[in-house]
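This briefing covers selected surface, helix and charge-pair features of the model shown below. The points are grouped by topic.

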Protein chains: 6
Amino acid sequence: MQRHDGRELDELRPLLITTDFTASPASSVLIRCGDTILWCSASIEESVPRWMQREEPGKGWVTAEYMMLPASTTPRSNREGRRGQISGRTQEIQRLIGRSLRAAMNLNKLGPRTITLDCEVLQADGGTRTTAITGAFVALAQACKRLKDQGLIEENPLNFSVAAVSVGVVDGVAMLDLPYVEDVAAAVDMNVVMTGSGRFIEVQGTGEEATYTQEELDSLLVLAKKGIKDLNQIQRAALGEDPFYAPLFE
Amino acid sequence: MQRHDGRELDELRPLLITTDFTASPASSVLIRCGDTILWCSASIEESVPRWMQREEPGKGWVTAEYMMLPASTTPRSNREGRRGQISGRTQEIQRLIGRSLRAAMNLNKLGPRTITLDCEVLQADGGTRTTAITGAFVALAQACKRLKDQGLIEENPLNFSVAAVSVGVVDGVAMLDLPYVEDVAAAVDMNVVMTGSGRFIEVQGTGEEATYTQEELDSLLVLAKKGIKDLNQIQRAALGEDPFYAPLFE
Amino acid sequence: MQRHDGRELDELRPLLITTDFTASPASSVLIRCGDTILWCSASIEESVPRWMQREEPGKGWVTAEYMMLPASTTPRSNREGRRGQISGRTQEIQRLIGRSLRAAMNLNKLGPRTITLDCEVLQADGGTRTTAITGAFVALAQACKRLKDQGLIEENPLNFSVAAVSVGVVDGVAMLDLPYVEDVAAAVDMNVVMTGSGRFIEVQGTGEEATYTQEELDSLLVLAKKGIKDLNQIQRAALGEDPFYAPLFE
Amino acid sequence: MQRHDGRELDELRPLLITTDFTASPASSVLIRCGDTILWCSASIEESVPRWMQREEPGKGWVTAEYMMLPASTTPRSNREGRRGQISGRTQEIQRLIGRSLRAAMNLNKLGPRTITLDCEVLQADGGTRTTAITGAFVALAQACKRLKDQGLIEENPLNFSVAAVSVGVVDGVAMLDLPYVEDVAAAVDMNVVMTGSGRFIEVQGTGEEATYTQEELDSLLVLAKKGIKDLNQIQRAALGEDPFYAPLFE
Amino acid sequence: MQRHDGRELDELRPLLITTDFTASPASSVLIRCGDTILWCSASIEESVPRWMQREEPGKGWVTAEYMMLPASTTPRSNREGRRGQISGRTQEIQRLIGRSLRAAMNLNKLGPRTITLDCEVLQADGGTRTTAITGAFVALAQACKRLKDQGLIEENPLNFSVAAVSVGVVDGVAMLDLPYVEDVAAAVDMNVVMTGSGRFIEVQGTGEEATYTQEELDSLLVLAKKGIKDLNQIQRAALGEDPFYAPLFE
Amino acid sequence: MQRHDGRELDELRPLLITTDFTASPASSVLIRCGDTILWCSASIEESVPRWMQREEPGKGWVTAEYMMLPASTTPRSNREGRRGQISGRTQEIQRLIGRSLRAAMNLNKLGPRTITLDCEVLQADGGTRTTAITGAFVALAQACKRLKDQGLIEENPLNFSVAAVSVGVVDGVAMLDLPYVEDVAAAVDMNVVMTGSGRFIEVQGTGEEATYTQEELDSLLVLAKKGIKDLNQIQRAALGEDPFYAPLFE
């Protein structure tokens, strides 16, 4: 079976991570996975939400917002929030991003501050939610380093690295990292979030008007693990040699 | 390890399904799983959403709404929709319910009509989303039978039965069907939706400020399969002996 | 003149009040009046709205919410609050319920806490607002007793019982307790809220594209008083023999 | 008992109705009742709401909007609709105005057009909802005449005149037409809408943290009838001698 | 070139300013410019918005709200705020009014209080935003005098008078104070806000599907200055001879 | 007087226009003016808004949306549209962008299609609205060329080029193209939109808690014209040598 772009079944799309894309946030990452492009940034605020302050004083908070910018698709998408509510899909995705990155954080070590990860989709070609997680991790790690460099925290509040990838079954064949054209044809669509040490943070496998067997599930997870390993290397290279980052990938 | 209510690790809470709870909808099911109580009903409308009409004329539609009624919790919850937006959690859940049941449907056989599954939480003690799916399937099956009995459709648009169950890891131990007290203590929380024939429709496994291994994932899926089988029997009993329902569980 | 269900003109529909329908709220009442079914619950919160705190510190508050659940009607109703505003009808009804029950309360004796009465319509066949008041009174009385039993209040903050009934003129004939089929045919529609001692709390008489005379008004009030007396007996029986409740009906 | 402004118990406040206050709507009425001032206008649109078109083609529609302008009170009120929802009070009032005036209309004779009655409160000193009805009737009658004069309708769609007044019990004494200072002190507050021929359209009597007897109800209605008769004369004078209006008051 | 109402190119429409239109706000001004009628009132509140309190404690605030009342136009306009958002046009106008009047204020001298200028359009025939500014200035000046008379402030917080006028190019000819019929035909539409001493506060010149030259701009500004001078005289007359007001126009 | 970044008073900040920033919209332009960065894109849809279709069938439409992305500022801004309404500032800006570019368009030549200009602020350092117009013109011109190349239109619907620049008075000195640090210190703030041939489209000059004279106005316009000429050259270079674009700048 030949994939439409000639890739192997267990091969990621070309992935490019550019740091310092803009200057205002604590960290500003442009991530490109094939034709999917996101701007993932981390902004630090020296306060926490009121409920957090009340329930767990002293702890920090990490949250995410996700938005498909209108020009990221052809035809143009409506700008969410201009009329009526944010879609369920958007809410689901930004909850997933926030939850996945909090799983890697020691919020006590972060101290009473909030890091907001803004994931803006500039171009959409499948896999925007997993690419958002992979890019937002890099932004989050840089923001933590910046706090350390400024003497605002003592220890790295991140426990390990986080990356995410999509896998799916198309025409009965399991494959890694689906662009839009494969995504719409997939009978099973699975998003996997893992740590650099190979543990699961989140597995979401959905039969799209279809069902799947234990065997299919197993083979999808094998592909996902392979993809996460490749992503880890690219994340590591993007962050550079600094000893602050090294333990996160071990 | 003793569970707080004395159950075995692979044992469901007592489950009770009552049909014909009220008279107005096409099917009205009261489902009680331990101290979690939901009213799942199916209403039939002889039209489809406009986008469906345009994109796939002739096909039917199945959708779900989910709501935690304010008195379902202590302390009382706010009534969603009175100020501001529906929460991301609610949207996520009702999207999951709708998607899971559509996976079992042949929308062509349903014809140009909409079945809406309203899942009202009357009492919440963990597992409301999975109990909603298990109960909504019974309501959906009865609504399909009613369409058949009225001569509005010829064949059963349902391909198989659907049930859902939660599993989780608490204090390092995998267990089935978590009430609230176990749910908040769980390091891993997984919701599994399956067909009566043992195929997956949806697997959502989340590390709650934690991560999990392949081994834990595997043992959770074993428990889930066991639970789904037990649920199937109770669903089957609730629906009765009619030959319309029998093939759904095979 | 024969009523469609064979009742006398001054006869209530069969009325059934079930207490302890669910476990989470302070009181949980299922009330069935003919084919109209509501779940009326009372939840207690140990605080009051901010404006109350500021303007009348030390006093308590009683408020109500009313909702027609989508499956309560055929065809299904839209779920209010999912798009746009709550309807004027719903707001009017929940304001009426709250106002009617506050008329019976000594909010000083209640102390700085809020009791919220949630009136969920499970099945609608006319008279939902009056049935809500009749059922919510039972829930409120039980919630007050619970506060007394827990030593949180010393005296019963309720001064007397409250019940409500609809009356109307159909084809020139005044009649009691109108189901939907009579309600839509009524030229005059009147809702009457009274105390157990026969005093008025609220009278709302509306000519529906029609007008009415003093004589019609008088005869409707006679019927309403008869109905309220019957409702009082059923409320009293539902609450039981406890001396806490007895003075409310005298 | 002396009223604060020296009026008799059955005496209206000075009432002034000015027609042709502005030029744009079909009719523009400024009504002043004591220190309560409203601008009531009638605008005609040659179409009806979509639901009306579908359900009762050929018939017309009459609707009302009511708004307390911010500068109508001291201190200034918030402008409704700028944040969040329209209050329940506003919705209740504009539903009452619309319903009361539709009770006097033959919507078939109006034909497929909508008359909107905008009731803007310029100064609020109690009785704004009843003054709105009394003024809006004058605007509606003039708008109907204009349609007749333009040959758009053949017969007057109004069947009779409509006026409204508030009555209440203050310190145990029933009295007519309460300004704000009496209104806040009233134990019972009743709004009565009647036709020029002395029939009721709407009676809304509310015990404000209080209850009332049949005797009090009766004496309030006597006062209300007296007030409505006085209002009819002022309405009649404002409309002028035209034979189009005369039958409405008989 | 003959204007449709016979005016000279540099002639204002007849302008009438009536003070004390209603009693509740601190100042209540009815302003009529040709067939455009607005009610401009000033309400004083003894507090400032929270952000003002935090950022500039001790200073006062002046803000404006603008609303086209539905009956101000033929056909009737929708009431803004009943469904969805306030239009961009309304927001733009009320921001302009507030900004223009704040330019004339010393907010330190005002002290920690808010003056809200409500500009209600009763009849719309072009120039509503400029007429709002001209009328709101009169209301603001009276409100300041009232504060002075009550001993709440020592010095007049107003530094100078403010008035506004529209100018435009119709069929290649520059003209002053455009009613609706000229406004829709204008290729260039300019609103000019100036002080009584001839300084600019705001110039907004828009080519309506057109462009304009420096020469046209210059000739429009000449007309605007002439108009503002005439407006100043009418404002001055409306405010009366009091020495409090005199310095504002010098 | 030395400007904080050493620029001359009539000197623009370094301006960089990159075309083809992303692939999905018809045209995708990244524009950087000093430290202000925007992504301006043009998306084409083969339909027009319903009101346009009804009122001016056959004509096209050009509209704009503007959004400050949260990470464009330090500290992070709230994402507009997630709670409550779009701010008045945002609405004002996107109305200005749309109006300015429509002034250059022949909507009849565009035919029944909509071009939407999305202006996303990636980094904000003053002048975002003028930079948006300058960048959106380039995107609009490219989108028109694309329509021509595809044979969808025959003639260029653009009549001339459009650019915009801010000017202001800081410490009594008029200067061109203000970054944030100068903008907050400016007593007068003016935005000027002009055609490539030196005609005005829009002039908006605001005294910020200040006023200005005719002389100041004149000197600001001289600076603005100088700036627009420089912008035209950069726009022209960005668009390239194609004869489609040349006449727009003459």
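Helix α1 (50–55) of chain D and helix α1 (50–55) of chain F each supply at least two residues of a positive patch. The structure is a predicted model, and over all chains it has 123 salt bridges. A negative surface patch also occurs, formed by residues of chains A and B.

**Surface charge patches**

- The positive patch on the surface gathers B:R50, D:R50, D:R54, F:R50 and F:R54.
- One of these residues, F:R50, lies in helix α1 of chain F.
- F:R50 counts as exposed because its relative accessibility is 71%, where the cut-off for exposed is over 50%.
- At least two residues of the negative patch come from each of two helices, α6 (214–239) of chain A and α6 (214–239) of chain B.
- B:D218 belongs to helix α6 of chain B.
- The relative accessible area of B:D218 is 32%, so this residue is partly exposed.

**Helix α6 in chains A and F**

- The 26 residues of α6(A) should span 38 Å at 1.5 Å a residue, and the 37 Å between its end C-alpha atoms agrees with this.
- The buried residues in α6(A) are A:Q214, A:L217, A:L220, A:L221, A:L223, A:A224, A:G227, A:I228, A:L231, A:N232, A:Q235 and A:L239.
- A:G240 follows α6(A) and has a positive phi, near 90 degrees.
- In chain F, helix α6 (residues 214–239) has 26 residues, and its first and last C-alpha atoms are 37 Å apart, close to the expected 38 Å.
- Buried positions in α6(F) include the leucines F:L217, F:L220, F:L221, F:L223, F:L231 and F:L239.
- Also buried in α6(F) are F:Q214, F:A224, F:G227, F:I228, F:N232 and F:Q235.
- Just after α6(F) comes F:G240, with a positive phi of about 90 degrees.

**Helix α4 in chain D**

- For helix α4 (residues 128–149) of chain D, 22 residues at 1.5 Å a residue should span 32 Å; the distance of 31 Å between the end C-alpha atoms agrees.
- D:G151, which follows α4(D), has a positive phi near 75 degrees.

**Salt bridges**

- In chain B, the side chains of B:D242 and B:K145 form a salt bridge with an N to O distance of 3.5 Å.
- This pair links distant parts of the chain, 97 residues apart: B:D242 is in the segment after α6 of chain B, and B:K145 is in helix α4 (residues 128–149) of chain B.
- B:D242 counts as partly exposed because its relative accessibility is 27%.
- B:K145 has a relative accessible area of 15% and is therefore buried, the cut-off being under 20%.
- In chain D, a salt bridge joins D:D5 and D:R7, and their closest N and O atoms are 2.9 Å apart.
- With a relative accessible area of 36%, D:D5 is partly exposed, whereas D:R7, at 8%, is buried.
- In chain E, the side chains of E:R54 and E:E55 meet in a salt bridge with an N to O distance of 4.0 Å.
- E:R54 is exposed, at a relative accessible area of 59%, and E:E55 counts as exposed at 55% relative accessibility.
- In chain A, salt bridges with shared partners join A:D5, A:R7, A:R13, A:D125 and A:D177 into one network.

- C:L9 is located in the segment before β1 (15–18) of chain C.
- The C-alpha atoms of C:L9 and C:L176 are 5.9 Å apart in space, although the two residues are 167 residues apart in sequence.
- C:L9 counts as partly exposed, at 30% relative accessibility.

Definitions and conventions. Residues numbered from 1 in each chain as written. Chains lettered and ligands numbered in written order. Predicted model: local features only at pLDDT ≥ 70, side-chain atom pairs only at ≥ 80, totals over all residues. Heavy atoms only, no water. Patch = residues over 30% accessible without salt bridge, like charges linked within 9 Å, V, L, I, M, F, W, Y side chains within 5 Å. Areas by Shrake-Rupley, 256 points an atom, 1.4 Å probe, with all protein chains shown as cover. Lys, Arg positive; Asp, Glu negative; His and termini not counted. Charge placed at Lys NZ, Arg CZ, Asp CG, Glu CD. Helix = DSSP H or I, 4+ residues; strand = E, 2+ residues; numbered from the N terminus. Buried < 20%, exposed > 50% of the residue type's maximum accessible area, 1.4 Å probe, protein only. Expected span 1.5 Å × (residues − 1).
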